[in-house]
Amino acid sequence: EFTIRWLQRRIQFQDFWALRGVSFSVQPGEVFGIIGRNGAGKSTLLKVMAQVLKPVEGRMITRGKVAPLLELGGGFHPELTGRENVFLNMALLGHPRKTTEALFEGIVSFAGLSDFIDAPLRTYSTGMVARLGFAVATCTRPDILLVDEILSVGDSQFQQKCLDRMYEFQQLGTTIVIVSHGLGALETLCQRALLLEKGQVKLVGPVEQVVQEYIAEDQPPAAVPPVNLPPAP
C-alpha cells in the first residue's frame with residue numbers, strides 16, 4: 001500500500017513534536033514528579049531520560065546508572081518459566097549469571113512468587129508479571145530510578161512494598177523520577193514536580209504548587225449567573 005501511494009505521489013507527512021523546548025534539572029537524591037494529561041508527553045520524556053529515545057534537538061545529560069521502570073515485565077517471554085525469565089531479564093539488564101544467582105532468592109521472595117516461580121509466565125496474572133518485573137528491576141540500587149505509572153502494581157500490600165523500596169533507595173541517595181496520575185502519592189513522595197502540557201513545560205516547582213495548578217486546569221468554568229430581565233410591557 002505504501003509503494004502504491006508513493007508511486008501515485010499521494011504520500012503525505014506531518015511532523016508532530018511530542019516534546020518541544022523542555023528544560024529542567026533534577027538534583028541528586030531528589031524525588032521528582034512529572035504530571036500532565038494523557039498525551040502530554042510524560043512517557044516520551046521518561047524514554048528520553050532512559051535513552052530509549054534520542055532527542056532530535058537539544059541534549060539530555062545523566063550522571064550515574066539509570067534503571068528505567070517503563071513497562072514492568074517488558075522483555076519477559078510467556079513460554080519461559082518465572083525462573084528462566086529472571087535470568088533472561090537480568091542478562092538483558094547487563095548482570096552476569098553469578099550476580100543473578102546471588103540475588104535470585106531475594107527477587108522471588110520480594111515478588112511473593114515462590115510457589116509459582118517454575119510455572120510458565122503465560123500462567124501468571126498481569127499483577128504477578130508486574131510484581132516479578134518490579135522485583136527484577138529493583139534488585140540492585142541504581143543511581144537514577146525512572147518510574148512510569150507503576151504505583152498501582154498488585155494489591156495494596158505489594159504497593160506498600162514498592163513504596164518502601166523506593167524510600168529505601170532515596171535514603172541511600174538514589175534520584176527518583178516518577179510519572180503518575182496518583183496525585184496523592186506524588187505529594188507524599190516528591191519534593192518538586194513538573195507539569196507538562198501538550199509537550200511543553202507549563203510549570204516546575206514545589207509539588208504542592210504544581211498539583212494545585214494541574215487540578216485547577218480540570219475545574220469546569222464558573223457558571224454565568226442568569227440575567228433577570230424586566231417583564232415585557
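Student: How many salt bridges does a search of the whole structure find?

Tutor: General idea: side chains of opposite charge can pair when their charged atoms come close. The cut-off for a salt bridge is a side-chain nitrogen of Lys or Arg within 4 Å of a carboxyl oxygen of Asp or Glu. Searching the whole structure turns up 7 of them. Some ground rules before we go on: this is a predicted model, where local features need pLDDT of at least 70, side-chain atom pairs count only at pLDDT 80 or more, and totals for chains, interfaces and linings use all residues. Residues are numbered from 1 along each chain as its sequence is written, and side-chain values use heavy atoms, with hydrogens and water left out.

Student: Which residue forms a salt bridge with arginine 192?

Tutor: That's glutamate 30, with the closest N and O atoms 2.6 Å apart. The pair ties together distant parts of the chain: arginine 192 sits in strand β5 (residues 192-197) and glutamate 30 in the loop between α1 and β1, 162 residues apart. Those labels come from DSSP runs, numbered from the N terminus: helices are H or I with at least four residues, strands are E with at least two.

Student: Is glutamate 30 buried or exposed?

Tutor: First the scale: buried means under 20% relative accessible area, exposed over 50%, and partly exposed in between, using a 1.4 Å probe and protein chains only. Glutamate 30 has 7% relative accessibility, so it counts as buried. Arginine 192 has 24%, so that one is partly exposed.

Student: What separates glutamate 101 and arginine 97 in helix α4?

Tutor: About one helical turn, because they are 4 residues apart in that helix. Their salt bridge has its closest N and O atoms 3.3 Å apart. Glutamate 101 is partly exposed at 44% relative accessibility, while arginine 97 is exposed at 55%. Salt bridges can also join into a network, and here one links Glu197, Lys202 and Glu213.

Student: Now strands. How many residues of β4 are buried?

Tutor: The idea to keep in mind is that in a regular strand the side chains alternate between the two faces of the sheet. In β4, 5 of its 5 residues are buried. Thr175, Val177 and Val179 are on one side, Ile176 and Ile178 on the other, and both faces are covered.

Student: Which way do β1 and β4 run, parallel or antiparallel?

Tutor: Parallel, and 4 bridges join them. Two strands count as paired if DSSP finds at least two bridges between them. β3 also pairs with β4 in the parallel sense, over 5 bridges.

Student: Which residues are buried in helix α3?

Tutor: Look along residues 82-92: Gly82, Asn85, Val86, Phe87, Asn89 and Met90 are buried. What covers them includes α4 (97-111) and α5 (126-137). Just after α3, glycine 94 takes a positive phi of about 95°.

Student: Last one: what volume does the largest pocket have?

Tutor: Rolling a probe the size of a water molecule over the atoms shows where empty space is left. On a 1 Å grid over the protein atoms alone, a pocket is an open set of points where a 1.4 Å probe fits, with protein on both sides within 12 Å along at least five of seven lines; lining residues have an atom within 4 Å of a point. Grid points are joined across faces, edges and corners, and a volume is the space filled by probe spheres set on the points. For the largest pocket that gives about 1,100 Å³. Its lining has 37 residues, with Val48, Met49, Arg59, Met60 and Ile61 nearest the centre. α2 gives the most to this lining, with 4 residues.

Methods
Contact = heavy atoms within 4.5 Å.
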